[in-house]
Amino acid sequence: MMLAMLIGILFAGGLAAWFCERLHPAAPARVALTALAFDAVLLFMLYPLAADNSAWIADLKWQWIPRFGIGFHLAMDGVSLLLVTLAVLLGCVAVGCARTEIRHRQGFFYFNLLFCLAGAVGVFLAMDLFLFFFCWELMLAPMYFLIGIWGHEDSIRAAIKFFIFTQVGGLLMLLAIVALALIYHADTGRYSFDYFDLLHATPDPHTAFLLMLGFFVAFSVKLPAIPFHAWLPDAHTQAPTAGSVILAGVMLKTGAYGLLRFTVPLFPDAAQQFAPVAMTLGAISVLYGAVMAYAQSDLKRLIAYTSISHMGFMLLGIFSLNLAALQGSVVTMLAHGFSAAALFMIAGALQERLHTREMGKMGGLWPLAPRLSAITLFFAIASLGLPGLGNFIGEFLVLLGTFKVNAGLTALTALVLILAPAYALLIVRKTLHGPLSEARQCADFGSRQLLALAILMLATLCLGLHPQPVLDLAQPSLLRILQAMPPET
Amino acid sequence: MDFQQLAAMPPIAIIAATVLLTMLAITVRRDFTLSCLLAGLGMAAALATAATGLRDAAVQVTPLIVMDGYGRFYMALLAATGLAALAFSHDYFKQRDGENEELPLLLLTALLGGLVLVASNHLAAFFIGLETLSISLFVLIAYSSDQDKSLEAAIKYLILSGVSSAFLLMGMAFIYARCGVLDFPGVGHYIAGRQHSDIMVLGGVMLVVAGMAFKLSLVPFHMWAADVYQGAPAPVTAFIATVSKGAVFILLLRYFLSTGSYGHSQLLNVFSTIAVLTILAGNLLALQQQNIKRILAYSSIAHLGYLTIIFIAGGNMAAEAAGFYLTAYFISTLGAFGVVAILSTAQTEAAEPAIYQGLFWRRPWLAAAFSVMLLSLAGIPPTAGFIGKFYVFVAGSDAKLWGLLLTLIIGSGLGLYYYLRIIVVMFLDAENIAPPVCRPAGKRLSHAALAILTILTVWLGIYPDYLMALLQG
């Protein structure tokens with residue numbers, strides 16, 4: 001019941017935000033924040049339930065479309081709890097940074113923001129493949145509007161590109177889902193789209209491999225991994241700040257989550273067979289993203305490419321199929337959520353103040369805006385993976401786990417430890433240091449933005465210094481995935 | 001045929017009686033509202049009788065017509081569609097001068113043709129229904145004859161329709177020459193009795209299919225669609241896109257299911273080629289259009305392509321999947337053209353994208369409804385179109401039509417582009433352009449119909465189970 005409320009509150013909040021715009025111009029933001037606060041309270045109530053460290057934390061199953069055995073089935077384990085928390089936290093942050101940036105059509109803006117989050121939470125909780133796909137698609141249209149209506153100069157093209165990429169990937173997954181359900185139907189004589197039923201479906205190896213590919217393509221479009229990444233730099237660059245925060249912080253994670261929850265457990269043999277290819281794609285994404293980031297002059301584009309690099313780590317970790325690497329992936333999901341969201345907030349704040357995203361036109365901001373600059377430095381080095389901050393733990397664990405499986409690839413990927421400082425320090429040098437490029441005013445962060453960023457800094461620090469609670473929370477779910485894997489040959 | 005038999009097929013009898021009644025009423029008093037009211041009552045009564053009798057046993061009425069669950073469901077669907085089209089027509093033609101009283105009458109006769117089609121069990125009834133439908137449509141398309149596009153469209157449709165009817169008759173002649181019967185079970189019996197497929201019957205079926213592919217605007221018989229959609233008045237376009245295409249498709253499916261023509265594997269190859277061509281050409285051509293009605297025309301071509309996948313799949317799932325897909329398609333198409341009709345004025349059809357610019361900020365509800373319809377046509381949840389697409393996937397996977405389903409995915413990706421482009425236009429800022437027309441006064445019926453259609457689209461997208469159970473029974 002609490003799980004349905006998590007989603008329902010966001011939906012209701014979205015509708016309420018839209019309709020109360022006429023009462024007061026600031027009302028939509030307050031309503032949105034209230035809805036997110038309610039969700040946060042629910043999450044606090046769920047955390048103690050996770051303490052027994054074994055089974056699912058919560059489970060809810062209602063009939064939905066009995067004709068095809070489709071249920072409204074939600075369940076939560078440690079991983080989904082962490083990711084829903086991330087979504088709610090970043091939702092609050094996004095509302096925080098939208099209050100200064102979004103000036104027109106506020107009601108519809110918060111409606112889309114909350115619907116997008118509701119879809120994402122639904123994705124993290126759905127245990128019925130039809131419901132999962134439903135929520136997966138539900139995220140798209142609101143995000144499309146966020147980018148298209150409130151985005152920057154070339155936003156419509158970027159938004160359409162985003163929509164078409166994800167939709168085509170998604171339909172491949174729908175095809176795979178339906179085919180899997182029909183195989184289950186052929187086995188047992190009844191229709192079911194339930195995750196726990198379909199785990200027992202027995203497609204023959206060849207079919208399983210193709211179906212696994214269907215899922216893999218959909219998720220790696222969202223992730224995005226090479227070669228499906230073309231939509232991401234455009235979408236990020238054009239999106240408004242709050243849109244970028246949600247896109248980088250929450251929506252990309254749905255891809256990684258999908259790989260972890262569906263691709264690997266549903267098709268263990270096929271996944272193992274495919275692992276070398278997936279890991280190579282991951283490694284290429286890591287290096288390619290980093291190299292491309294270094295080559296950018298547009299700040300938001302640069303951050304977008306670092307996202308590709310970090311998401312490559314997740315792909316690498318998930319297909320290494322051992323506990324350390326999987327935990328590394330989960331930690332990277334959270335850490336990247338915090339750091340990318342913060343960096344996009346900073347980029348948005350700079351654009352708002354300087355009216356440019358070109359780093360060539362920035363420079364010398366430190367004396368003008370010391371707080372902004374210090375925070376930028378913090379998240380830049382978090383993004384390069386400095387020990388003591390969250391990203392380091394994630395990347396280290398992924399590399400550790402991958403090394404056991406494929407040492408050569410790990411060595412190659414580790415080159416990113418040289419490339420990442422290069423792009424991270426590029427941000428710092430070009431925007432903060434050097435002479436002032438032209439005489440200009442640059443207001444420092446206000447208290448509201450400081451609060452939002454302080455939360456993210458604190459989260460990054462906690463994750464870096466004391467990651468054990470997160471690892472403990474995720475461990476049972478990850479172990480369950482690994483138990484189902486075929487023994488190593 | 002005696003009275004008892006007539007009473008056994010109430011929707012057809014009611015519509016036929018309403019046709020006569022409306023015609024008499026017009027001779028007594030020319031009043032547009034009155035004839036709309038009569039037509040509406042007739043359609044509502046037909047809808048009610050078809051819907052209440054849904055679970056009754058199948059009855060064979062004369063050798064021509066069979067009243068079974070399948071037929072009754074589609075009769076109800078067609079009657080409901082007719083009602084919506086009538087509501088749009090009423091508001092649309094009310095604002096135009098001229099003698100509009102025959103318009104409801106023609107909608108009724110077209111609907112009568114559609115009802116006969118979906119219930120026909122015999123090649124003769126098939127032809128009668130089709131011609132009743134088509135001849136009414138010629139006049140409907142040309143109804144606002146003061147607009148030059150309209151006459152051009154009607155003549156185009158008339159000539160091509162005539163040619164396709166000739167093909168159809170030739171095909172029927174071939175089938176009759178071999179089977180010696182015209183009723184579907186008889187033809188099925190003949191086909192079942194043969195080891196190999198008979199080349200003459202096959203040729204006949206092929207010619208019939210060619211004739212019907214024209215009505216369905218499947219590629220390469222699609223040339224007329226865009227021009228006719230553009231030239232016809234918007235409510236009539238809605239009617240053509242739904243009732244005319246739907247009824248023919250339903251008949252085709254019934255013919256194939258009840259005569260066992262799925263045995264002709266060559267035919268299925270032909271259909272697969274047609275489906276691939278239709279999906280790709282429909283979507284690719286839509287990309288190049290600016291006119292909203294033309295975009296919707298090509299989108300409807302693509303949708304018939306998706307339906308053809310269900311048709312090819314056949315099997316147990318086909319009737320149910322086609323039922324759901326058609327319902328979703330009917331509702332969304334009616335809604336989309338309904339918006340066009342509402343925005344049209346006495347002088348202009350609302351087909352230029354400029355009319356839609358900033359619509360969301362001027363008339364949010366109308367724009368929201370249009371967005372829902374377009375998203376439904378694009379197959380995005382939570383709309384009925386998504387469940388329809390899901391059915392295509394289920395039926396297609398069941399029959400292992402992987403190539404066709406991949407084409408469907410490509411087509412949907414392409415389709416998304418032009419649907420989203422229309423939606424984007426509605427969300428653009430309209431501050432720098434003056435609204436092209438002042439708000440046309442009072443189109444209450446259309447608004448009510450559109451509201452119902454929108455609610456249905458979302459309702460069927462979230463809670464499709466009721467309709468599924470209905471179709472399964």
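In this predicted model, chain B is built from 21 helices and two strands. The C-alpha trace of chain B stretches over about 70 × 55 × 40 Å along its principal axes. How does that fit with a chain of 473 residues? A compact globule with 473 residues would come out at a radius of gyration near 23 Å, and the 21 Å of chain B agrees with that.

Of its 473 residues, 64% count as buried. Looking at contacts in chain B with a separation of 6 or more, 79% come from residues 24 or more positions apart.

A225(B) is buried, at a relative accessible area of 0%. Leaving out residues up to four places away in sequence, A225(B) touches S217(B), A297(B) and I301(B). By contrast, L343(B) is 118 residues from A225(B) in sequence, and their C-alpha atoms are 22 Å apart in space.

S217(B) is found in the loop between α9 and α10 of chain B, and like A225(B) it has a relative accessible area of 0%, so it counts as buried. The backbone at S217(B) has a positive phi of about 50°, although the residue is not a glycine. Most residues other than glycine have a negative phi, and most peptide bonds are trans. The loop between α9 (199-216) and α10 of chain B also holds P220(B), which is joined to V219(B) by a cis peptide bond with omega about 5°.

K400(B) is another non-glycine residue with a positive phi, here about 60°. Its place is the loop between α18 (384-398) and α19 (402-427) of chain B. Is K400(B) buried or exposed? At 58% relative accessibility, K400(B) counts as exposed, whereas S217(B) is buried.

Turning to chain A, a cis peptide bond turns up there too, joining L223(A) and P224(A) with omega of about -15°. P224(A) sits in the loop between α9 (205-222) and α10 (231-238) of chain A.

Further along chain A, helix α17 (residues 407-414) has L409(A), T410(A) and T413(A) as buried residues. These three cover an arc of only 100° around the axis, so they lie on the same side of α17(A). Which elements cover them? The cover over the buried residues of α17(A) includes α12 (268-294), α13 (299-320), α16 (390-405) and α18 (416-432) of chain A.

Methods: Residues are numbered from 1 along each chain as its sequence is written. Chains are lettered from A and ligands numbered from 1 in the order in which they are written. This is a predicted model: local features need pLDDT of at least 70, side-chain atom pairs count only at pLDDT 80 or more; totals for chains, interfaces and linings use all residues. Side-chain values use heavy atoms; hydrogens and water are left out. Buried means under 20% relative accessible area, exposed over 50%, partly exposed in between (1.4 Å probe, protein chains only). Helices (H or I, at least four residues) and strands (E, at least two) are DSSP runs, numbered from the N terminus. The arc is that of the directions from the helix axis to the C-beta atoms. Contact means heavy atoms within 4.5 Å. The radius of gyration is taken over C-alpha atoms; the globule rule is 2.2 Å times the number of residues to the power 0.38.
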